[in-house]
2 protein chains.
Amino acid sequence: MINAVGRNIPDELLTNGREVFQGNNYRDGQIYTKPGPTVKAQIKPQESKLVESIREAIRLCGVKDGMTVSFHHHFRDGDYVANLVMQEIADLGIKDITIAASSMGAAHDPIGKMIEDGVVTGLQTSGIRGKMGEAVSNGKLKTPCILRSHGGRVRAIEQGEVHIDVAFIGAPTADEYGNARGKGGKSDCGVLSYAMIDAKYADKVVVITDCLVPFPNFPPSIQAVDVDYVVVVEEIGNPQKIASKAARITQDPRELMMAKECARIMAATPYFKDGFSFQTGVGGASLAVNRFIEPLMRERGIRMRWGIGGISAPMVELLEKGLIDCLVDAQDFDIDSVNSVHKNQTHYEISTSQYCNPMNKGAFVNKLDFVVLAALEIDTGFNVNVVTGSDGLLMGAPGGHPDASAGAKCSIIVTPLVRGRIPTVCERIVTVTTPGESIDVLVTDYGIAVNPRRQDLIDHMSAAGIELTTIEALKDKAYSMVGVPDDIVFHDRVVAIMEARDGTILDVVRQIKNYEV
Amino acid sequence: MINAVGRNIPDELLTNGREVFQGNNYRDGQIYTKPGPTVKAQIKPQESKLVESIREAIRLCGVKDGMTVSFHHHFRDGDYVANLVMQEIADLGIKDITIAASSMGAAHDPIGKMIEDGVVTGLQTSGIRGKMGEAVSNGKLKTPCILRSHGGRVRAIEQGEVHIDVAFIGAPTADEYGNARGKGGKSDCGVLSYAMIDAKYADKVVVITDCLVPFPNFPPSIQAVDVDYVVVVEEIGNPQKIASKAARITQDPRELMMAKECARIMAATPYFKDGFSFQTGVGGASLAVNRFIEPLMRERGIRMRWGIGGISAPMVELLEKGLIDCLVDAQDFDIDSVNSVHKNQTHYEISTSQYCNPMNKGAFVNKLDFVVLAALEIDTGFNVNVVTGSDGLLMGAPGGHPDASAGAKCSIIVTPLVRGRIPTVCERIVTVTTPGESIDVLVTDYGIAVNPRRQDLIDHMSAAGIELTTIEALKDKAYSMVGVPDDIVFHDRVVAIMEARDGTILDVVRQIKNYEV
């Protein structure tokens with residue numbers, strides 16, 4: 001069945017109430033009952049939940065074939081926890097495990113092999129890259145991988161579509177009763193926003209730390225009342241890769257030019273006023289936007305009320321300059337943002353439900369004014385791909401992209417028109433990860449296009465003297481520069497389902513041909 | 001059927017899996033599935049949840065005959081919210097409402113009339129006093145009132161025995177999206193610990209405030225993701241009665257003497273060491289214990305790691321003197337504790353689930369060293385009554401009494417041997433609210449008795465040269481002073497069920513005879 005972004009979704013996937021994507025607000029107002037975890041009462045006074053090893057925790061939690069386990073990705077490329085746990089599970093001969101992670105990255109290459117071995121037969125994640133991406137793209141995973149936005153993941157958990165049997169939560173600090181924080185220790189990641197959801201909905205919760213601190217470890221991101229066991233290990237991650245040095249603002253003149261255009265566009269809208277809210281991605285041009293909105297804010301004498309998202313240094317800088325009242329933070333991307341959570345009193349941790357779950361009673365993104373994001377590809381319907389490469393390989397993550405852009409009053413994609421020999425603006429993108437109705441403006445190094453759905457924004461741009469072109473013209477320009485791209489040839493087999501925020505099917509990813517031996 | 005504290009529970013109450021009390025740890029390890037609320041998805045970006053009146057919120061929430069609504073009691077005797085909401089419900093002609101409150105007090109006299117009118121036909125609460133107590137004690141409520149400890153209330157909600165259709169949450173400050181805090185505004189109550197549970201489990205959540213603040217009101221006790229509507233009213237409470245002036249430490253020499261004995265007893269146990277934890281009630285003698293442990297702590301060179309409970313001035317004083325590392329706070333009893341939550345960085349708000357739910361994965365009380373509490377009556381089996389007066393009238397609240405005393409390694413009851421012509425220590429108390437197995441030591445103005453179950457404590461007291469008597473001897477002494485009390489004569493009808501922490505039936509309260517016209 002053809003969905004609202006023109007993708008043909010195989011009928012065999014449309015079982016158990018699954019539907020194709022029918023527009024951002026199709027399920028607005030839907031009434032549903034949240035599930036609850038199955039827990040074991042601890043009435044007897046008890047001093048500690050410490051167990052001696054991950055293996056012992058796995059045994060005590062009763063992990064067995066067919067179960068679903070979860071991980072978070074606050075440790076980013078420095079994560080050791082998922083590999084440590086999955087290796088123990090594999091060594092115990094347990095198989096047919098579904099991993100429900102907030103994201104998987106290059107750190108998890110060893111799990112690629114477990115997919116081939118049948119230890120892992122299900123995967124639900126936002127990001128997928130490296131060996132895991134190759135394994136899935138090559139059809140090695142027994143069931144289709146389910147890709148979700150950060151908000152979509154929370155929705156799936158809070159609507160009971162994903163039931164986590166055991167959540168393994170790496171925590172920079174924890175006490176012996178399970179109160180855990182993202183702050184402190186040698187593997188400091190600042191916040192534990194993704195894991196806050198898992199702790200509330202998983203039947204069993206294991207906190208894994210490399211820094212045991214005195215009880216109570218407060219205020220906790222993960223509350224002891226939700227934790228069954230605590231394990232202390234040598235290292236939960238590589239600090240160098242968890243909180244890396246702040247990305248320096250790009251010096252690439254093309255990126256700087258695009259960032260400046262984004263700031264001009266923001267300033268031309270009615271939303272750029274005292275008390276506005278803002279999110280930016282971590283791409284070079286997106287990050288640089290902060291530099292260019294600063295003088296415009298000072299000129300107008302306005303302040304930002306709140307900045308949100310994955311937080312990084314440029315946003316912290318504006319906070320510390322007094323140009324932002326507060327930051328609400330679902331992930332820290334660098335050492336500056338980790339440090340800021342520690343020291344700045346108005347830099348707050350939020351759960352990913354608060355951040356962007358589309359189906360709670362109202363997430364932060366629902367009140368967002370601006371978001372500036374990148375894209376791997378964007379088509380002439382403004383649909384964006386951030387998950388598959390131009391060769392069809394799984395190598396990215398929708399992350400908060402579909403969530404922030406759906407919520408924001410003005411969502412801006414900033415991207416060069418071509419990358420190498422690949423057109424970024426094209427007729428047909430490999431995978432739709434964010435529907436075009438969520439995207440308002442496209443900024444490229446060859447011109448700016450506003451989504452025709454937003455005549456109001458077109459008028460504001462004209463009034464501000466910002467020259468616009470059309471997305472078709474940008475596509476034609478791209479094709480004239482690098483030629484019309486060939487269609488990628490896939491096998492028929494669906495290897496991944498790209499869910500829309502609301503759980504409908506936005507697109508499917510099929511097995512690649514060019515990676516076959 | 002006779003239960004573990006010797007009370008005869010009518011068989012007709014033992015339906016739907018309800019059992020009689022069988023000891024504190026009878027249900028330890030029970031496995032159950034938590035319920036979840038039925039919610040309506042708010043996908044569409046939305047600026048505000050403000051509605052114009054409580055009546056409009058009631059209408060939008062679909063409140064109808066037979067529903068259960070909830071309130072919290074952080075505003076104590078100064079609460080206006082429950083009356084405002086219930087009056088609108090009554091005016092709308094809605095009837096057969098069950099109120100599931102964390103507690104009801106003297107502020108709620110107007111609801112006594114609604115019980116007689118059939119607007120309110122069910123009541124689940126910790127405390128019950130004043131006109132409501134009289135109405136229930138006189139058999140006016142259609143169904144038996146269910147009395148629970150604070151932990152027992154959370155348990156009942158988290159086990160699905162109480163389903164809240166609409167939670168009305170009074171909040172000192174809130175933003176237009178529903179982020180609510182106990183701090184700030186003109187009706188400052190410090191924390192919103194009771195309401196944190198309601199917000200997570202009620203289908204509909206209405207925040208009622210008299211101080212609207214800019215979004216986001218952070219960090220929130222009640223998160224916007226759980227809130228449907230926000231109403232601004234003139235006043236949610238009487239600030240004078242919410243955070244009253246700190247109770248001055250008693251000058252009554254008898255109370256001071258008992259408090260000093262409590263401190264000596266604490267110091268004689270092995271638990272009185274660096275890093276210990278402590279809770280105290282707000283009775284005159286209980287509060288004064290803080291004064292007497294201070295010199296003992298200094299003498300030994302030890303600090304308290306955490307103080308917990310309803311917090312009041314003497315605990316704040318020890319925190320500010322650097323003798324306590326942190327306070328974990330489920331309710332503020334005076335202006336000093338409210339101010340402390342604002343200014344002291346290690347004075348933390350906790351939910352009542354974290355505080356004392358007996359059936360989560362481990363509450364704070366499970367790790368508590370000492371608690372000092374009062375009693376209306378205590379029998380020779382150390383069973384305590386804190387809910388019914390000597391005339392049988394409902395006039396008190398189990399509160400956190402059964403929870404803290406069950407968890408603490410050393411629980412001390414401090415009470416004068418007689419009050420007026422009424423013996424406090426007696427053969428048979430009116431109502432068992434806390435089972436004797438939870439109580440370790442009784443301190444009276446005529447001697448100290450240790451529960452024979454705690455030979456270890458008896459040995460420690462002897463070693464410290466603390467003279468002990470038996471509880472039978474104390475009872476005999478009381479009777480010799482004021483005579484043997486007459487048994488109260490009740491009607492047969494059960495007007496209230498006193499639940500144990502785990503949901504089993506600890507006792508029943510019957511309709512009083514002496515209040516009949």
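Which residue forms a salt bridge with B:Glu499, and how far apart are the closest N and O atoms? The partner is B:Arg155, and the gap between those closest atoms is 3.0 Å.

## Before we start

This is a predicted model, where local features need pLDDT of at least 70 and side-chain atom pairs count only at pLDDT 80 or more, while totals for chains, interfaces and linings use all residues. Residues are numbered from 1 along each chain as its sequence is written, chains are lettered from A and ligands numbered from 1 in the order in which they are written, and side-chain values use heavy atoms, with hydrogens and water left out.

## Salt bridges

Side chains of opposite charge can pair when their charged atoms come close. Here, a salt bridge means a side-chain nitrogen of Lys or Arg within 4 Å of a carboxyl oxygen of Asp or Glu. Over all chains, the structure holds 66 of them. Take A:Glu88 and A:Arg55, whose side chains meet at 2.7 Å, N to O. A:Glu88 sits in helix α2 (residues 81-91) of chain A and A:Arg55 in helix α1 (residues 54-60) of chain A, so this pair ties together parts that are 33 residues apart in sequence. (Helices are DSSP runs of H or I with at least four residues, strands are runs of E with at least two, and both are numbered from the N terminus.) A:Glu88 is partly exposed at 22% relative accessible area, and A:Arg55 is partly exposed too, at 36%. Buried means under 20% relative accessible area, exposed means over 50%, and partly exposed is in between, using a 1.4 Å probe and protein chains only.

Back to the opening pair: B:Glu499 forms its salt bridge with B:Arg155 at 3.0 Å. B:Glu499 lies in strand β26 (residues 490-499) of chain B and B:Arg155 in helix α5 (residues 150-158) of chain B, so the pair ties together parts that are 344 residues apart in sequence. Both B:Glu499 and B:Arg155 are buried. Another pair in chain B is B:Asp440 with B:Arg454, where the closest N and O atoms are 3.2 Å apart. B:Asp440 and B:Arg454 are both buried as well. Over in chain A, a network of salt bridges links A:Arg18, A:Arg148, A:Arg155, A:Glu161 and A:Glu499.

Leaving aside neighbours within four places in sequence, the contacts of B:Asp332 (heavy atoms within 4.5 Å) include B:Arg76, B:Cys189, B:Ser337 and B:His347.

Helix α10 (residues 313-320) of chain A is mostly covered, with 6 of its 8 residues buried. Those buried residues are A:Ala313, A:Pro314, A:Met315, A:Val316, A:Leu318 and A:Leu319. Among the elements covering them are β14 (304-311), β15 (324-332) and α11 (335-343) of chain A. Just after α10(A), A:Gly322 takes a positive phi of about 80 degrees.

Helix α4 (residues 130-137) of chain A has A:Met132, A:Gly133, A:Ala135, A:Val136 and A:Ser137 buried. Their cover includes α3 (109-117), β6 (120-125) and β26 (490-499) of chain A. A:Gly139 follows α4(A), with a positive phi near 80 degrees.

## A loop lysine

In chain B, B:Lys140 lies in the loop between α4 (130-137) and β7 (145-147). B:Lys140 is partly exposed, at 44% relative accessibility. Not counting residues up to four places away in sequence, B:Lys140 touches B:Ile115, B:Glu116 and B:Ala135.

## CavitiesA cavity is a set of points, on a 1 Å grid over the protein atoms alone, where a 1.4 Å probe fits but cannot get out, and its lining residues have an atom within 4 Å of a point. Grid points are joined across faces, edges and corners, and a volume is the space filled by probe spheres set on the points. The whole structure has 9 cavities of 30 Å³ or more. Of its 14 lining residues, the closest to the centre are A:Phe21, A:Asn24, A:Ala500, A:Arg501 and A:Asp502.

The second largest cavity has a volume of about 70 Å³. Its lining includes A:Ile43, B:Phe21, B:Asn24 and B:Asp502.

Note on methods. On a 1 Å grid over the protein atoms alone, a cavity is a set of points where a 1.4 Å probe fits but cannot get out, and a pocket is an open set with protein on both sides within 12 Å along at least five of seven lines; lining residues have an atom within 4 Å of a point.
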